[in-house]
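Morning, everyone. I have one structure to go through today, and I will keep to what can be read from the coordinates.

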Amino acid sequence: MNAQGFINPYTHSPIPSPHEWAERQPTVWRVDSRNHAEPVNTGRPLFYMEKINAYGTPSEPLLPHRRADHSASGKTASAWMTMLLLVMTASTQAQADATAQVQKAVEQHLSAMLTQQAERQGWQGMQLRYEMDLPAGSRSHPPCAAPLRIRSTGSAASAMERQQLEIRCPDAPGWSLKTTAQAHVFLPAVHAEGIIERGQTIGASDIELQRINIAKARRGYYNHLDEVIGMAAKRRIRAGQTITPALLEQALAVKRGQPVKIVASHDGIEASTSGEALSDGLPDEIIRVRNARSGKVIDAKVVEEGVVTSTF
């Protein structure tokens, strides 16, 4: 050992210190990349270069500095990501706004048509559900500053049928598209609350309103309770069944064998007596009636339930 360090016993030359030995080694550079699965906002660059010292450990991170302040790098990456997301969000929002604008305009158009039909037909409690097929290219249109203009191009006879529509944005330069749309109408309809037997006269407690899609009520329906009250069932109606016109008939005002009041009037003088109906009768029908006092059989016109008037 000398003053400068250890002596090599074989070559009798000084052994360099670890520091001197490291400095004599060739410079080694390593190019590396971060894990692609890592979040993009960690602050670590995708590729980096670093110098390897004599002991195989990184000594001088370069291009870019791997040991730079991660918080600053993270803020930069985060800022870029935020800007990118804002641009993407703005584009998506613009498309969504244009699509929503078209959908709202179509719904308003169909609603106006059906409101007029509801007024003509006396519908009550109408609810609408809309269905439309927008072309794929509609999402590329920007929102329209002016109200959209809609025109029917098909030949649908009813507002409830599928409509062919042309939608135009009057902006400059503006845009236009074609679509099909349909409104489904839901109305409260009269249903049997319980079992209604054949021939039974229907009262208010026998029925209730339940909402239905009237496009599927091909056999008809009743939208008002008073349309059914006082009618008679042609056949047995099950509980919960939609009541259709084919299930009902005018209730008999007079039934065969039923006691009736016979009313006769002449020159402003009115008299009445009791009798028996010999056949069923609806209002305004002529039936045979037997006078209970005289036993005479006469023709009488049915006035209302249990009342007839002589025709002589």
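**Strand pairing, the disulfide and one arginine**

Let me start inside a sheet: Val263 stands opposite Thr309, a residue of E15. The strands behind that pair are E11 and E15, the latter covering residues 307–310, and they pair in the parallel sense over three bridges. Before I go further, note that this is a predicted model.

E11 has another partner. Strand E11, residues 259–266, runs antiparallel to strand E12, residues 269–277, and eight bridges join the two. One of the pairings there is Pro259, whose bridge partner in E12 is Glu276. Which residue of the E11 and E12 hairpin takes a positive phi? That is Asp267, with phi near 55°, in a hairpin that has two residues between the strands.

Now the whole chain, for context. The protein has 15 strands and two helices. It has 312 residues, of which 27% count as buried. Taking contacts between residues at least 6 apart in sequence, 47% join residues at least 24 apart. The accessible surface is about 20200 Å², and carbon and sulfur atoms account for 53% of that.

How many disulfides does a search of the whole structure find? One. Its members are Cys144 and Cys169, with their sulfur atoms 2.0 Å apart. The link of Cys144 and Cys169 is right-handed, with 85° about the S-S bond.

Cys144 has 6% relative accessibility, so Cys144 counts as buried. Cys169 comes out at 3%, and is therefore buried as well.

Last, a residue from strand E5, namely Arg151. Relative accessibility for Arg151 is 47%, so this residue counts as partly exposed. What does Arg151 touch, once neighbours within four places in sequence are left aside? The contacts are Gln164, Leu165 and Glu166.

To recap the two items I would look at on screen: the Cys144 and Cys169 disulfide, and strand E11, which pairs with E12 in the antiparallel sense and with E15 in the parallel sense. That is what I have.

Methods
Residues are numbered from 1 along each chain as its sequence is written. This is a predicted model: local features need pLDDT of at least 70, side-chain atom pairs count only at pLDDT 80 or more; totals for chains, interfaces and linings use all residues. Side-chain values use heavy atoms; hydrogens and water are left out. A disulfide is a pair of cysteine sulfur atoms within 2.5 Å. Buried means under 20% relative accessible area, exposed over 50%, partly exposed in between (1.4 Å probe, protein chains only). Helices (H or I, at least four residues) and strands (E, at least two) are DSSP runs, numbered from the N terminus. Contact means heavy atoms within 4.5 Å. Two strands pair if DSSP finds at least two bridges between them. Accessible areas come from the Shrake-Rupley method with a 1.4 Å probe; for residues, only the protein chains shown count as cover.
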